[in-house]
Amino acid sequence: MKLRQVLMSGWITLTLMLIFSTFAGAEVVGRVTQLEGRVDLLKGGKLPAIALKVNDTVEPGDVVRTKSLSKAQITFIDDSLLTLSQEARVAIEAFKFEPTQGKRHAVLEIFQGLALAVVNKIIKVEEPDFVLKTQTAVVGVRGTEIGMRNQPNSSTILNFKGRTQVGNISPTVSRLFLKAFKVAFAKGSWNDGSSRWVFLNDMQGTTVERNLPPIAPFTITAQDQMLFMRQLTTYTLSGQPSA
C-alpha cells in the first residue's frame with residue numbers, strides 16, 4: 001500500500017512538473033484581436049495550417065497568413081499593433097519585452113501583402129528596438145505608425161508618424177541590424193556618404209528595390225495615407241485594389 005502511494009505521489013509530481021514546464025516554455029507574445037475571413041497559423045512556421053480565431057495567441061517562430069478577402073490584427077504584449085491585409089504573410093522571428101527594464105527586441109518579417117504597424121515607444125531606449133523586414137527592406141523603429149506595401153521586387157515604406165530607419169535587406173547593400181541601428185540612429189542623418197539607409201520623419205516614405213539602396217525620402221500626403229488605409233482592407237496579391 002505504501003509503495004503504491006509512493007508511486008502515485010511520484011506520478012502526480014512528474015505530471016505537474018511536465019505541465020508547469022510546458023507553460024514555462026510557451027512564450028506568448030501576442031494575441032489576435034481582430035479577424036475577418038480565413039486566417040491561418042503555421043506553428044513554428046510549419047504545416048499543417050491551423051485556422052485562427054479571435055483571442056488565439058502567437059509565439060516566436062509562428063507564421064500568420066491571411067487568405068483572400070480576409071484580414072487580421074495582432075496585438076503584441078507591448079501593446080503594439082500589426083494589421084495585415086488579405087493575402088499577406090508575416091513571420092514572428094523574435095519578440096522579447098521586459099517592461100520593468102524598459103527593454104524590447106522584436107523582429108517581424110512581412111513576406112507579402114500590406115501591413116500597418118503601430119509600435120509603442122519604449123522611453124528608455126534611444127535606438128530602434130523593433131525591426132520589420134520585407135523581401136527587399138529592413139526597417140528599424142522605436143515608436144511609430146508605419147505602412148508597408150510589398151511588390152515582387154520592391155517595398156514601399158510609408159512613415160505616417162514617428163521616426164523610422166530604412167535600408168536594403170541585402171547585407172552587401174546595407175548592414176542594418178541591431179548593432180548598426182544604434183550607431184546610425186545616433187548620427188541622425190540619412191546622407192552618410194554611402195546612402196545605404198534613409199531616415200523617415202512624419203509623413204515621409206521611401207521605396208527599396210531589390211539589391212538597391214532606398215531612394216531619398218518623399219512626402220506623403222493625407223490622400224496617400226487614406227489610399228493606403230483603404231487598400232489595407234481591399235488589397236490583392238497582384239498589388240491592385242480588389243473590385
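User: Which side chain does the side chain of asparagine 150 make a polar contact with?
Analyst: That would be the side chain of serine 155, at 3.2 Å. Keep in mind that this is a predicted model.

User: What backbone oxygen does the asparagine 150 side chain reach?
Analyst: The backbone oxygen of glycine 113, at 3.2 Å.

User: And where does asparagine 150 lie, and is the residue buried or exposed?
Analyst: Asparagine 150 is in strand β12, which covers residues 137-151. Its relative accessible area is 4%, so the residue is buried.

User: OK, switching to charges. How many salt bridges turn up in the whole structure?
Analyst: A search of the whole structure gives ten. One of them joins lysine 71 and glutamate 36, with 3.8 Å between the closest N and O atoms.

User: Why would that pair tie together separate parts of the chain?
Analyst: Because lysine 71 sits in strand β6 (residues 71-76) while glutamate 36 sits in strand β1 (residues 30-36), and those parts are 35 residues apart in sequence.

User: What does lysine 67 form a salt bridge with?
Analyst: Aspartate 40, and the closest N and O atoms there are 3.9 Å apart. Lysine 67 is in the loop between β5 (63-66) and β6, aspartate 40 is in strand β2 (residues 39-42), and the pair links distant parts of the chain, 27 residues apart.

User: Which residues are linked in a network of salt bridges?
Analyst: Arg38, Asp40, Arg65 and Lys67.

User: What about arginine 104, which side chain does it meet in a salt bridge?
Analyst: The side chain of aspartate 129, at 2.9 Å from N to O. Arginine 104 is in strand β9 (residues 103-112) and aspartate 129 is in the loop between β10 (114-119) and β11 (130-133), so this is a link between distant parts of the chain, 25 residues apart. Arginine 104 counts as buried at 7% relative accessibility, and aspartate 129 is buried as well, at 4%.

User: Aromatics next. How many aromatic pairs does the search find?
Analyst: Three across the whole structure. In one of them, the rings of phenylalanine 76 and phenylalanine 95 have centres 4.8 Å apart and planes at 10 degrees, which makes the pair stacked. Phenylalanine 76 is in strand β6 and phenylalanine 95 in strand β8 (residues 89-98), so parts 19 residues apart in sequence are tied together.

User: How accessible are phenylalanine 76 and phenylalanine 95?
Analyst: Phenylalanine 76 is buried at 3% relative accessibility, and phenylalanine 95 is buried with a relative accessible area of 3%. Phenylalanine 95 also pairs with phenylalanine 130: centres 5.9 Å apart, planes at 85 degrees, so that pair is edge-to-face. Phenylalanine 130 lies in strand β11, 35 residues from phenylalanine 95 in sequence. Ring pairs link Phe76, Phe95 and Phe130 into a cluster.

User: Which residue lies over the face of phenylalanine 111?
Analyst: Arginine 89, at 4.5 Å from the ring centre.

User: Where's the cis peptide bond?
Analyst: Between leucine 47 and proline 48, with omega about 10 degrees. Proline 48 is in the loop between β2 and β3 (49-51).

User: What's up with phi at aspartate 79?
Analyst: Phi is near 70 degrees there, a positive value in a residue other than glycine. Aspartate 79 is in the loop between β6 and β7 (81-84), and the residue is exposed at 55% relative accessible area.

Technical notes:
Residues numbered from 1 in each chain as written. Predicted model: local features only at pLDDT ≥ 70, side-chain atom pairs only at ≥ 80, totals over all residues. Heavy atoms only, no water. Salt bridge = Lys/Arg side-chain N within 4 Å of Asp/Glu carboxyl O. Helix = DSSP H or I, 4+ residues; strand = E, 2+ residues; numbered from the N terminus. Buried < 20%, exposed > 50% of the residue type's maximum accessible area, 1.4 Å probe, protein only. Polar contact = N/O pair within 3.5 Å; in protein donor to acceptor, adjacent residues only side chain to side chain. Phe/Tyr/Trp six-rings, centres within 6.5 Å; stacked < 30°, edge-to-face > 60°. Lys NZ or Arg CZ within 6 Å of the ring centre and 35° of its normal.
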